[in-house]
Amino acid sequence: MPALNKKMELICPAGNLPTLRAAVDNGADAVYIGFRNRTNARNFPGLNFSPEEALEGVRYARINGKRLFLAINTFPVPEHWQEAVKAVDKAAEIGVDALILADIGLMNYTARTHPDLRLHLSVQGSATNRHAIAFYHEQFGISRVVLPRVLSLAQVQQLTEKTPVEVEVFGYGSLCVMVEGRCALSSYVTGNSPNSAGVCSPAHAVRWLETPSGRDAYLDGVLINRYHDGETAGYPTICKGRFKVNNHIFHSIEEPVCLNVLEILPELVNAGVSAIKVEGRQRSRAYVSTVARTLRAALDSYHVDPDNFKPRNEWITQLNQLAEGNCHTLGAYHRSWQ
Amino acid sequence: MKISIGPIQYFWGREKILAFYDQLIDTRVDIVYLGETVCSKRRELNLNDWLEIAGRLAASGKEVILSTLALLEAGSELASLQQIAENNVYPVEANDVAAVQLLAGHGPFVLGPHINVYNNETLAFLHRLGAKRWISPVELGRNTITRLHENRPPAMETEIFAYGRLPLAFSARCFSARAHDKSKDDCGHICSDYPDGLALYTQDDDAFLVLNGIQVQSATVHNLVAHLDELVSIGIDIIRIDPQQHGMAEIVSVLSSVLDGQLQTGIAMEQLARYQPYGSCDGYWRGGAGMAPVAAMPEEIASDA
């Protein structure tokens, strides 16, 4: 559903209450969070919200005229089904503005049990085309879909024209090169995946080894990357590693770059995108503050004078300083990336 | 227990594909899944060609299912999907929810390994829409599969991926093209040079993954031969073997001989080893990391996912 007459929303992540407040204070239209358990895809130690904190988050967002979304976006196995159902019930009780879900069974439960609760299809739901989105809309009445980071700008535009629901896309942050919700690379190596445990390349599996020439990064015994002295070392996410293919060592799957849509904001608005989302519930308050403030300024600037929008150097500098590898990419939005 | 052959995931030439299916006619294989599931740019065969192969296999007594793409983005891909969904002869395997949307309410269909069925509620919901069989997502372990199977809807069949390289991930990016400094739009079908995928090694020379166009697979072969007794006792209906270019008839023969009690597991493992250049794994089944080598982890300390 093209949203040409509406302002594009800015959706920011928060892993705790101080970050949530910072996101709201710095210009997020909505903040998304998760409970402190395996029901969400950023199930990291020391992160996320208790029900009481989530309630306080809703309160803080509301008094500032903003909204709070809650992600329950892993795929519960039978052993963890009750935990997921309780999370849904708790979110309904707290009164979050939308629930971000991925699992078909859980969506069915939620649509039947809490028919008034607004549903968003998580990026983990892996909907990359109009038929898939139509399925979730017809079966469960989803109001919005978060698109996987695999579509080109032209494809995003075609989708918004043909889908009855709002479209939210990723605008800034780490880049999943794989279709979300269908990547088992992490569980292949560690036994834990985003789908089943809410983690990718989990910290407990990471080991650093100092070598005569630098540092090696392992994930459960698999050498993911090898850094020379003086080289900036990154977290050993499998898809960002350097491997050997045809005797050539390179980032065989993806470089550790940061997605940044600043320069195509007008195109996204014109494509009918309803909201842009910032990745990173694991990020610090300072990080979220800077990203929210910068993207807020960019969106406001666009809405004041759409025809003359141009990313300001200060925005680009601020965002680049936060980015992985200090550079940014348009990812799949730009066809040549594929 | 029935034996199925999953869709060919690599880009093979026409003659190779035809020969591959001809050799299956005289094997103990019960079910064959046909069609392109990885990349829509691979057009060596069109739907009519696949239907011709399907006809020959069906005439020889095999059950034929038409498989569909796992990642659908372009309008042309959705159009091809619709053509397959509307064939009036063979049931269809859905590998994306788009296929479920088109197949729901139009007779029985199959939930492929790329539909996320992690719990009984999801399975029951999709059963009501017409799903008659599900293939478990690759990362599910024995305990989860057992619970899903024990509480499955009436007449729902459970199929388990038992032999082949694990399909681990899909992307919009073509990794085979990337390894050759080509873009996807100008890939030159480079993936056809790698009929078992392009091996990706760690910097300390362990074969880790296999690049197959936009798909990433395991380098090691997922191999549940040592667990076939258990699969039978759980009541699993079908085991799936995924195609690789060499030794398919022998692989089928080895697995069926073990199933029929004609061949000891240890001997079977030795016979299969020649078709596993980078070894075999079964960690997912045991509830751990998928890449855990067969028999490397004592049964009693394995915990389920």
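Which residues are buried in helix 5 (residues 120-128) of chain B? In this predicted model, the buried positions of that helix are Asn120(B), Thr122(B), Leu123(B), Phe125(B) and Leu126(B). As a general point, an α-helix has 3.6 residues a turn, so residues three or four places apart point the same way. The buried residues of helix 5 of chain B pack against elements of both chains: from chain A they meet helix 4 (104-113) and helix 5 (130-140), while from chain B itself they meet helix 4 (97-103), strand 5 (109-111), strand 6 (131-135) and helix 6 (142-150). After helix 5 of chain B comes Gly130(B), a residue with a positive phi near 120 degrees.

Leu126(B), together with Tyr21(B), has the most contacts inside the largest nonpolar core, which has 207 residues. To this core, domain 1 (9-175 + 257-337) and domain 2 (185-250) of chain A each contribute at least three residues.

Residues up to four places away in sequence being left out, Asn26(A) touches Ser289(A), Ala292(A), Arg293(A) and Arg296(A). The separation between the C-alpha atoms of Asn26(A) and Val291(A) is 8.6 Å, although these two residues stand 265 residues apart along the chain.

Elsewhere in chain A, three strands form an open sheet in the order 8-9-10, with antiparallel pairing. Its edges are strand 8 (206-211) and strand 10 (222-228) of chain A, each of which pairs on one side only, and from one strand to the next the twist averages 20 degrees. Strand 9 (residues 214-219) of chain A is joined to strand 10 of chain A by six bridges in the antiparallel sense. As for individual residues, Tyr218(A) has Leu223(A), in strand 10 of chain A, standing opposite.

Note on methods
Residues are numbered from 1 along each chain as its sequence is written. Chains are lettered from A and ligands numbered from 1 in the order in which they are written. This is a predicted model: local features need pLDDT of at least 70, side-chain atom pairs count only at pLDDT 80 or more; totals for chains, interfaces and linings use all residues. Side-chain values use heavy atoms; hydrogens and water are left out. Two strands pair if DSSP finds at least two bridges between them. Helices (H or I, at least four residues) and strands (E, at least two) are DSSP runs, numbered from the N terminus. Axes are lines fitted to C-alpha atoms, for helices over the stretch in contact, and angles run from 0 to 180 degrees between N-to-C directions. Contact means heavy atoms within 4.5 Å. A nonpolar core is a set of buried Ala, Val, Leu, Ile, Met, Phe, Trp, Tyr and Cys residues joined through side-chain atoms within 4.5 Å. Buried means under 20% relative accessible area, exposed over 50%, partly exposed in between (1.4 Å probe, protein chains only). Domain bounds come from an automatic or database domain assignment.
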